[in-house]
Amino acid sequence: MQLCLAAIRNQYKMLTRIERQIADYVLNNSGQVLEMNVAELAAAAGTAGSAVIRFCKRLGYTGYSQFRMALARELAVRPGVPSESPKAGESLAEVAQKVFMSGMRTLQNTAAMIGQSQLEQLVSVLAQAERICIFGVGTSASIAEDSQYRFLQLGYPSSCYTDILFMPVAAMNMKKGEVAIGISHSGRTEATLEAVRLAKEQGALSVAITSYRASPLAQMADYTLVAYADDITYPVEAVSARLAHLCLMDVLTVALALQGGTETAERLASKNRILEHIRRKEES
């Protein structure tokens, strides 16, 4: 299901100034927009009708009619509620509530917008990969490390690279039959882009885990999974995106575990026995 409001938030930072005016009006007055024609929305947003049409096409719709129909379907299922970011002077309880709500919206939007066909293809590609290399820096580094651990648990040879000096060297040593996964909230992190580009040049398949479908990383990769983050006006980048990126990677590893059959089940059971032995040893 294409979610209009999630798509607007996802592409917000890449919109022009005029398109942002329209986006702001739609996000804050989504119910009223259903009753407006192109001219009325343009007047309310302080733009021209042609700008509204360009805005709809930027989001992937053929025009305003298709956009409004999609918005109506979305609001019938999930009433539009403007996202509210934490503000200075608010109580800790208010801040906590908004952060948790942001996380829940991001997970709901990402789950609704995920492409099932591409996801199935990606799981099949990973299942046959000779090796999986995961690249990520900054807030994505911990996700890359967690993903490596999960793939290794399942018996898939994998490595993660979070040092900008090691990343290009590792990527240049990849080959056909291997998969490079680049994780970047913005999709514009130079070190991650370079690593994925180099891996592709060596013949490896590439995967992007990002928060922006129109980002350079998403456009470069053979497969792209997008987290529809709710972080437009947050004072700290990637507040809720990290949760969705982790869940996207969890979807891949759980799917691989389920299709791994008896061999994977035995491997996980053996791993659990080892961990339990370590825990008992630490407690003694």
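E130 is partly exposed, at 47% relative accessible area (buried means under 20%, exposed over 50%, partly exposed in between, with a 1.4 Å probe and protein chains only). The side chain of E130 forms a salt bridge with K175, with the closest N and O atoms 3.9 Å apart (a salt bridge is a side-chain nitrogen of Lys or Arg within 4 Å of a carboxyl oxygen of Asp or Glu). The model is predicted: local features need pLDDT of at least 70, side-chain atom pairs count only at pLDDT 80 or more, and totals for chains, interfaces and linings use all residues. Residues are numbered from 1 along each chain as its sequence is written, and side-chain values use heavy atoms, with hydrogens and water left out.

**Salt bridges**

- Side chains of opposite charge can pair when their charged atoms come close.
- The whole structure holds 10 salt bridges.
- E19 and R58 meet through their side chains at 3.4 Å, N to O. This pair links distant parts of the chain: E19 sits in helix α2 (residues 17-28) and R58 in helix α5, 39 residues apart. Helices (H or I, at least four residues) and strands (E, at least two) are DSSP runs, numbered from the N terminus.
- E19 is buried, at 6% relative accessibility. R58 is partly exposed, with a relative accessible area of 33%.
- K175 is partly exposed too, at 42% relative accessibility.
- K175 and E130 form their salt bridge with 3.9 Å between the closest N and O atoms. K175 lies in the loop between α10 (166-172) and β3 (179-184), and E130 in the loop between α8 (116-127) and β1 (132-135), so the pair ties together parts that are 45 residues apart in sequence.
- K200 and D222 meet in a salt bridge of 3.2 Å, N to O. K200 is in helix α11 and D222 in the loop between α12 (216-220) and β5 (223-226), so this pair ties together parts that are 22 residues apart in sequence.
- K200 is partly exposed, with a relative accessible area of 29%. D222 is partly exposed, with a relative accessible area of 35%.
- Through shared partners, salt bridges join E130, R131, K175 and E178 into one network.

- G203 is placed in the loop between α11 (190-201) and β4 (205-210).
- The relative accessible area of G203 is 34%, so G203 is partly exposed.
- Residues up to four places away in sequence aside, G203 touches K175, K176 and G177 (contact means heavy atoms within 4.5 Å).
- G203 and E178 are 25 residues apart in sequence, yet 8.0 Å apart in space, C-alpha to C-alpha.

**The sheet**

- An open sheet is formed by 5 strands in the order β2-β1-β3-β4-β5, with parallel pairing (two strands pair if DSSP finds at least two bridges between them).
- β2 (158-161) and β5 are the edge strands, and each pairs on one side only.
- Direction ignored, neighbouring strands of this sheet are turned by 15° against each other on average. Axes are lines fitted to C-alpha atoms, for helices over the stretch in contact, and angles run from 0 to 180 degrees between N-to-C directions.
- β3 and β4 run parallel and are joined by 6 bridges.
- A180 stands opposite S206 in β4.
- Helix α11 packs on the sheet and touches β1, β3 and β4; its direction makes about 165° with that of β3.
- Helix α13 (residues 241-259) also packs on the sheet and touches β3, β4 and β5; its direction makes about 140° with that of β4.

**H245**

- H245 has its place in helix α13.
- H245 counts as buried, at 1% relative accessibility.
- Neighbours within four places in sequence aside, the contacts of H245 are I143, I183, S184, H185, I209, T210, S211 and A227.

**Helices α4 and α5**

- Two packed helices are described by the angle between their axes and the distance between the axes.
- Helix α4 (residues 38-45) packs against helix α5 (residues 49-58) at an angle of about 100°, with the axes 8 Å apart.
- That makes α4 roughly perpendicular to α5 (angles under 35 degrees count as roughly parallel, over 145 as roughly antiparallel, 65 to 115 as roughly perpendicular and the rest as oblique).
- V38, L41 and A42 in α4 meet G49, V52 and I53 in α5.
- By class, this contact has 5 nonpolar, 1 polar and no charged residues. Ala, Val, Leu, Ile, Met, Phe, Trp, Tyr, Cys and Pro count as nonpolar, Asp, Glu, Lys and Arg as charged, and the others, Gly among them, as polar.
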